[in-house]
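Welcome! Have a look at the sequence and the 3D view, then read on.

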Amino acid sequence: MNRAATLLSLARSRGAMIATAESCTGGLIAGAITEVAGASDIFDRGFVTYSNAAKVAMLGVSEATLAAHGAVSEAVACEMAEGALARSGATLAVAVTGIAGPGGSEHKPEGRVCFGLAHKGAPTRVETVEFGAPGRSEVRAASVEHALDLLIAALGG
């Protein structure tokens, strides 16, 4: 069973509803989830907030947080996840923001991706994964897999 199918089964058995907030993955997490037949049972919505303005308008990310930490930060991933949870019918939300490449900087290298996981009734979790610089498509694909794994783990899988 692939990750998305595993997620669907776990979420359905636990009565969970999921939302996504995506920047560098551009909707690929939502796409992976909705690729599975029956996803409407557990998937509420996805927010693709590629620009900072979209993060602010659609998810309520603070302009002060963006200014202080930059879009690729655990602080922004946290606010994205919490915003997706608050602005949806979901009980669990995952957020991703990162630098898929090419490019990056000394302080924020290519392949750095920050994740946020907001779950009703639990503290929001954040983490940063350094995927390195295998290429844009590879970083995005690895980010999707990691986000699905976070959701599965949050549901006890």
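**A first look inside**

The largest nonpolar core has 32 residues, and those with the most contacts inside it are Leu 7, Ile 18, Ile 29, Ile 33 and Leu 151. Please keep in mind that this is a predicted model.

**The nonpolar cores**

- Another core, of 15 residues, lies apart from it, and Met 80, Ala 84, Ala 90 and Ala 93 are among its members.
- As a general background, nonpolar side chains tend to be buried together in soluble globular proteins.

**Two residues and their contacts**

- Leaving out residues up to four places away in sequence, Ile 33 touches Ala 4, Leu 7, Ile 18, Thr 20, Ala 39, Ile 42, Phe 43, Leu 148 and Leu 151.
- Thr 20 sits in strand 1 and is buried, with a relative accessible area of 0%.
- Setting aside neighbours within four places in sequence, the contacts of Thr 20 are Ile 29, Ala 30, Ile 33, Phe 43, Arg 45, Gly 46, Phe 47, Ala 84 and Val 94.

- Helix 3 (residues 52–59) has Ala 54, Lys 55 and Leu 59 as its buried residues.
- Viewed down the axis of helix 3, these buried residues fall within an arc of 105°, so they line one face of the helix.
- The exposed residues Ala 53 and Ala 57 are carried on the face of helix 3 turned away from its buried side.
- Packing partners of the buried residues of helix 3 are strand 1 (18–22), strand 2 (43–48), helix 4 (63–69), helix 5 (74–86) and strand 3 (92–98).

**The aromatic pair**

- There is one aromatic pair in the structure.
- The ring centres of Phe 115 and Phe 131 are 6.5 Å apart and their planes are at 80°, so this pair is edge-to-face.
- Phe 115 belongs to strand 4 (residues 112–119) and Phe 131 to the loop between strand 5 (125–130) and helix 6 (136–154), so the pair ties together parts that are 16 residues apart in sequence.
- Phe 115 counts as buried at 1% relative accessibility, whereas Phe 131, at 23%, counts as partly exposed.

Conventions:
Residues are numbered from 1 along each chain as its sequence is written. This is a predicted model: local features need pLDDT of at least 70, side-chain atom pairs count only at pLDDT 80 or more; totals for chains, interfaces and linings use all residues. Side-chain values use heavy atoms; hydrogens and water are left out. Rings of Phe, Tyr and Trp (its six-membered ring) pair if their centres lie within 6.5 Å; planes under 30 degrees apart count as stacked, over 60 as edge-to-face and the rest as tilted. Helices (H or I, at least four residues) and strands (E, at least two) are DSSP runs, numbered from the N terminus. Buried means under 20% relative accessible area, exposed over 50%, partly exposed in between (1.4 Å probe, protein chains only). The arc is that of the directions from the helix axis to the C-beta atoms. Contact means heavy atoms within 4.5 Å. A nonpolar core is a set of buried Ala, Val, Leu, Ile, Met, Phe, Trp, Tyr and Cys residues joined through side-chain atoms within 4.5 Å.
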